[in-house]
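Q: I am new to this structure and would like a close look at a single part of it. Please keep the account plain.

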Amino acid sequence: KSLILTVVANNAVRGFGDPNPVFTASIIGFQPGDSAAAFVTGAASCTSPATPASPLGAYPINCTQGSLLVIGTKYTFANPDGSLSTIPGTLLILNKLTISCAGFTSSRTYGTTTGFGGAQITGLLPGDTITAACGTTATAASSVGTYAITPTITDAAGLIGVKYALTVVPGALTINPAPLTAKLNNAAPSRVYGSANPAFASTLTGAFAADGITVSYSTTATAASAPGAFAITPAFSDPNNKLGNYTVSAASGTLTITKAPLTIAPVAGQTITLNGPATVAGNGFVLGQGLGNLGGTLTCSSAGQVGTGKPVTCTGLTSASYTITFASTSETVHYAPVGTCSAGPGHQYLGSTTLTRAGLTTIPVAFRLCDANGATVSAAGVVNNFQLTTKVTGTTTTTFNQGLGTGFAFQAGAQDYLLNFAVSATSPAGGMPAGSTYNFVITLNDGTTVPFAITLN
């Protein structure tokens, strides 16, 4: 035998002149552990004879089966006589009472508070006392968004629901983002290539301490980064997920990396060839770098000066990372070796290297000195000494190292220095007989030498 379920119309309240609300019903009669969700589908159809023009009072709410159906055979809606098992409800038509907080619809900024006053009440009859004050659940810590403004109602006489049908009109509070500004204290920091980045101090304005928001600035530049401009960008720490409550303005900065100062100078105490290469050293290299990290071609010059204590300056090296200053040092400067005079600075022997001994009373010795531009040096007093060093006859070498005088004269027409020395029996080496090769050397005042050899047949 099926168990009978009863449809119970739910009571309702409306204000005078309003249309009837949508009526609902409940179902009773389930055994413990059973529920409508498991045994019933559809909904009852409930109506009332009351109309919007019906006077204040109580009116029945009656329900029919509508689309209600039972699932299975355990339950039924039918009484033994076949009628629907129902219990009617009551519709109360009461005085219409409206309490509104719509007048407080407003906005404010995150982190601030807003005060509200009493609600607007309409429909209250003389002699009755019902009060209300508007408020919201939002606090200064509430996140950005929209919050309802609703009334707190005081009804000491219990008139609502008995004498009045209440309609509540809420207001709305919009919480807008607060401004938050981050900036570098020094918007244009700089440093030298090869050094560490400076500390990027910043200021954060507008964040509430309780939110725990902080900002830090950083750059991709490292000590090895080339000179140039690098962006300094902000990063926010937001441990409490509060950053969304702010309108963020975060200015970036620029780190300027400048070239490192570097001084290049010849190593002191060298003996170098006029306008030839020199060993140099750099003062100011960073990151373990050295001359191999520079570009260009090194050239050194003593401005054409030869001798000891001459200022030598080098140039030609380049770098994108260093500002190079070239300094001079005092060096000993010599002419280039024999055979290079025709191509630039240096000196060379100009005479014949093979002579016929017969009939000779003198041997002309001519040599030339040239500056950095290949021009002949014509200054007086450039020669310090002239020596016969050795004689080679067959496999026999005889050492002399005998001075032969310094009576040289510069020949402007020939652009050389000339000495005619005698080969008589009274000259060094017994008059320089034929069949031997004689080695000579001219020593200049700057310490350099012009060696040469003459063979007498």
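Leaving aside its neighbours within four places in sequence, which residues is F421 in contact with?

A: The model is a predicted one. In it, F421 is in contact with T361, T362, I363, V365, F386, M432 and F440, once its neighbours within four places in sequence are left aside.

F421 also belongs to the largest nonpolar core, which has 54 residues. Within that core, the residues with the most contacts are F421 itself together with F367, F386, F440 and I442.

The secondary structure of the protein chain comes to one helix and 40 strands. Its radius of gyration is 58 Å, well over the 23 Å that the globule rule gives for 457 residues, so the chain is more spread out than a compact globule. The C-alpha trace spans about 170 × 60 × 35 Å along its principal axes.

Of the 457 residues, 33% count as buried. The protein chain exposes about 22,600 Å², and carbon and sulfur atoms supply 55% of that area. As for contacts between residues at least 6 apart in sequence, 62% of them join residues at least 24 apart. The chain carries 14 positive and 11 negative side chains, with the centres of the two sets 7 Å apart.

N240 lies in the loop between β22 (228-237) and β23 (246-250). N240 is partly exposed, with a relative accessible area of 42%. Leaving aside neighbours within four places in sequence, N240 is in contact with A210, D211 and G212. The C-alpha atom of N240 is separated by 7.9 Å from that of I213, a residue 27 places away along the chain.

N241 is found in the loop between β22 and β23 too. N241 is exposed, its relative accessible area being 67%. Most residues other than glycine have a negative phi. N241, although not a glycine, has a positive phi of about 55 degrees.

L287 likewise has a positive phi of about 55 degrees and is not a glycine. L287 sits in the loop between β27 (280-283) and β28 (295-301), and is partly exposed with a relative accessible area of 42%.

Conventions: Residues numbered from 1 in each chain as written. Predicted model: local features only at pLDDT ≥ 70, side-chain atom pairs only at ≥ 80, totals over all residues. Heavy atoms only, no water. Helix = DSSP H or I, 4+ residues; strand = E, 2+ residues; numbered from the N terminus. Rg over C-alpha atoms; globule rule 2.2 N^0.38 Å. Buried < 20%, exposed > 50% of the residue type's maximum accessible area, 1.4 Å probe, protein only. Contact = heavy atoms within 4.5 Å. Areas by Shrake-Rupley, 256 points an atom, 1.4 Å probe, with all protein chains shown as cover. Lys, Arg positive; Asp, Glu negative; His and termini not counted. Charge placed at Lys NZ, Arg CZ, Asp CG, Glu CD. Core = buried A, V, L, I, M, F, W, Y, C linked by side-chain atoms within 4.5 Å.
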